[in-house]
Amino acid sequence: MTDRTKNFMDCWDYSTDELLDMVDLIRQLKDAARKRQVPKLLADQSLAMIFNGNSTRTRVSFEVATQQLGGFALYLTGGEHGELHLGKRETVGDTARVVSSMVEGVAIRWQDLAEIGEFAANCSVPVFNMMDYMHHPTQTLCDLTTIIENLPEGKELKDVKLAFIGTDDLNESSAGDLAKLLPRFGATVALGTPEGHAFDEEYNVNEPANTPELLELTRRQRAQACEEGGGRIIETHDPAEAVRDADFVYTGCFCYEGMESESEFEYFQRAFVEKGFQVSEELLAHCPGAKTMHYLPALRGKEMTDYAMDFEGSLLWKQAENRLHTQRGLLAYLMGDVDGYAPVYGTDGEQAIVDAIKAMRKRHGSDYTHC
């Protein structure tokens with residue numbers, strides 16, 4: 001086991017070079033998995049997975065990835081109705097100290113930004129953010145991997161345009177994360193939102209959790225991303241303009257857990273679907289050849305039509321599968337025991353993965369490489 005306690009809380013913490021190295025490792029392990037030759041880099045290690053919300057892709061991918069790497073994944077729930085004392089009879093920091101003394105890594109899905117930060121600060125092992133109020137970094141790294149694997153012929157990442165259609169609320173983590181990630185690689189992100197639904201417009205500014213400090217942080221990071229990589233962020237209330245010349249058209253949930261009421265559906269039907277903010281065959285006609293993406297779960301017929309989800313240009317199912325490959329790569333990189341690793345398969349591919357992790361750790365160190 002490594003004694004490094006480098007966490008994966010936000011892609012923003014990592015340089016573009018380190019993120020690209022992660023993508024390369026993810027793809028190496030993906031190939032190994034297809035050959036059923038995943039190195040057992042987590043042998044005799046345990047990962048605690050703590051959730052205070054529903055999960056399909058995140059739970060399955062982390063649990064399966066841990067097992068494929070030779071480790072054990074422990075599913076735990078926190079909050080008011082969870083089995084842990086976390087968030088009830090014990091401070092967040094105390095729970096973190098206890099849990100991290102018994103396992104080699106912790107993955108946590110927790111909405112409260114301050115509490116998930118406190119938890120990570122008090123852990124003695126690597127912590128993986130499985131989603132908080134503003135960030136979904138494992139999904140974002142998965143998205144980067146999926147985009148790189150499906151670049152249009154003749155294009156590099158810097159040439160790509162991704163259009164996000166929907167709301168740019170601060171808790172629309174994929175829109176927010178991609179807007180501050182892809183421009184660092186030189187790419188363009190177009191945010192197509194209905195009136196009032198950009199991150200700094202009235203509908204979202206009046207949300208209680210969207211504090212002036214968080215809004216200003218978002219504004220500053222987006223500007224910094226464009227300055228660093230030369231990419232662009234385009235904001236528009238015209239969906240056709242947003243997707244024009246796009247290589248990828250991404251959307252997310254219009255209604256989140258606890259919002260699936262008839263009144264909410266009626267509102268989003270009026271404000272989004274009826275005004276063209278639905279990824280459909282009609283919208284995609286403005287960007288022939290574009291591929292569609294969605295982090296899922298999707299409400300068919302709401303933010304996306306059946307056509308956009310299932311046509312030959314849909315990346316939804318490849319994107320979902322890549323959650324497994326992404327978690328496997330992250331766990332191997334931040335938790336994998338590569339010093340003195342005893343080969344299980346004795347293949348060149350197995351040794352190449354071990355050597356890649358060693359080289360990444362030497363190159364990037366235990367400090368965060370982006371600031």
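Let me start with one glycine: setting aside neighbours within four places in sequence, G79 is in contact (heavy atoms within 4.5 Å) with L86, K88 and W110. This is a predicted model, where local features need pLDDT of at least 70 and side-chain atom pairs pLDDT 80 or more, while totals for chains, interfaces and linings use all residues. Residues are numbered from 1 along each chain as its sequence is written, and side-chain values use heavy atoms, without hydrogens and water.

Back to G79, which sits in the loop between β2 (72-77) and α3; helices (H or I, at least four residues) and strands (E, at least two) are DSSP runs, numbered from the N terminus. W110 is 31 residues away along the chain, and the two C-alpha atoms are 8.9 Å apart. G79 counts as buried because its relative accessibility is 11%, buried being under 20% relative accessible area with a 1.4 Å probe, protein chains only.

Next, helix α3, residues 92-100. Its buried residues are V92, G93, T95, A96, V99 and S100. Viewed down the axis of α3, they fall within an arc of 160° (taken from the directions from the helix axis to the C-beta atoms), so they line one face of the helix. Among the elements covering them are β1 (46-51), β3 (105-109) and α4 (113-121).

Last, α1 (residues 16-34) and α5 (residues 137-149). They pack at an angle of about 75°, with axes 10 Å apart; axes are lines fitted to C-alpha atoms over the stretch in contact, and angles run from 0 to 180 degrees between N-to-C directions. That makes α1 roughly perpendicular to α5, the term for 65 to 115 degrees. From α1, the residues involved include L19, M22 and R27, meeting residues of α5 including L141 and E149.

Key: Buried < 20%, exposed > 50% of the residue type's maximum accessible area, 1.4 Å probe, protein only. Parallel < 35°, antiparallel > 145°, perpendicular 65-115°, else oblique.
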